[in-house]
Amino acid sequence: MEDIIVSVPKSDAQFVARLLEKMGYCIRNRKLKGSNAPTFRELFERAQQESSMDHEWTLDEINAEIKTARQERSQ
């Protein structure tokens, strides 16, 4: 078996560790092992809530950001 090193944002570490455990991988980091970690459902629901807070960009907002960046670059 090969070791796999995964880098994820700190806020998602517990979720990814639990997901990997569900898939049958062995987690070596003691802080992330499932014995004292929240349940997978709790982590999934929290990740889903946090992702739903993301801002959906409109085309006008994207174009405005591009225009501002171009103006700053040309100055």
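Helices here are DSSP runs of at least four residues, numbered from the N terminus. Please keep in mind that this is a predicted model.

**Exercise 1. Find how many helices and strands the chain has, and state the pattern along the sequence.**

Step 1: Count the elements. The chain has three helices and zero strands.
Step 2: Read along the sequence, and the pattern is α-α-α.
Step 3: Look at burial too. Of the 75 residues in the chain, 12% are buried.

**Exercise 2. Work out which element has the lowest mean pLDDT and which has the highest.**

Step 1: Start with the whole chain. Its average pLDDT is 78, and 84% of the residues score at least 70.
Step 2: Turn to the elements. Helix H2, residues 40-52, has the lowest mean, 75, while helix H3, residues 59-74, has the highest, 86.

**Exercise 3. Locate the salt bridge and decide whether each partner is buried or partly exposed.**

Step 1: Search the whole structure, and one salt bridge turns up.
Step 2: Glu21 has 26%, so Glu21 is partly exposed.

**Exercise 4. Identify the residues of the nonpolar surface patch, and classify Leu19 by its accessibility.**

Step 1: List the members. The patch is formed by Ile4, Val6, Val8, Leu19, Met23 and Tyr25.
Step 2: Give its area. Together these residues have about 550 Å² of accessible area.
Step 3: Focus on Leu19, which lies in helix H1, residues 13-22. Its relative accessibility is 31%, so Leu19 counts as partly exposed.

**Exercise 5. Describe the largest cavity: its volume, its lining, and which helix gives the most to that lining.**

Step 1: Count first. The structure holds one cavity of 30 Å³ or more.
Step 2: Give the volume. The largest cavity contains about 30 Å³ of space.
Step 3: Name the lining. Ser11, Asp12, Phe15, Leu43, Arg46, Ala47 and Glu50 surround this space.
Step 4: Find the main contributor. H2 gives the most to the lining, with four residues.

Key
Residues are numbered from 1 along each chain as its sequence is written. This is a predicted model: local features need pLDDT of at least 70, side-chain atom pairs count only at pLDDT 80 or more; totals for chains, interfaces and linings use all residues. Side-chain values use heavy atoms; hydrogens and water are left out. pLDDT is the predictor's confidence in each residue, from 0 to 100. Helices (H or I, at least four residues) and strands (E, at least two) are DSSP runs, numbered from the N terminus. Patches are made of residues with over 30% relative accessible area and no salt bridge: like charges are joined within 9 Å, nonpolar side chains (Val, Leu, Ile, Met, Phe, Trp, Tyr) within 5 Å. Accessible areas come from the Shrake-Rupley method with a 1.4 Å probe; for residues, only the protein chains shown count as cover. A salt bridge is a side-chain nitrogen of Lys or Arg within 4 Å of a carboxyl oxygen of Asp or Glu. Buried means under 20% relative accessible area, exposed over 50%, partly exposed in between (1.4 Å probe, protein chains only). On a 1 Å grid over the protein atoms alone, a cavity is a set of points where a 1.4 Å probe fits but cannot get out, and a pocket is an open set with protein on both sides within 12 Å along at least five of seven lines; lining residues have an atom within 4 Å of a point. Grid points are joined across faces, edges and corners, and a volume is the space filled by probe spheres set on the points.
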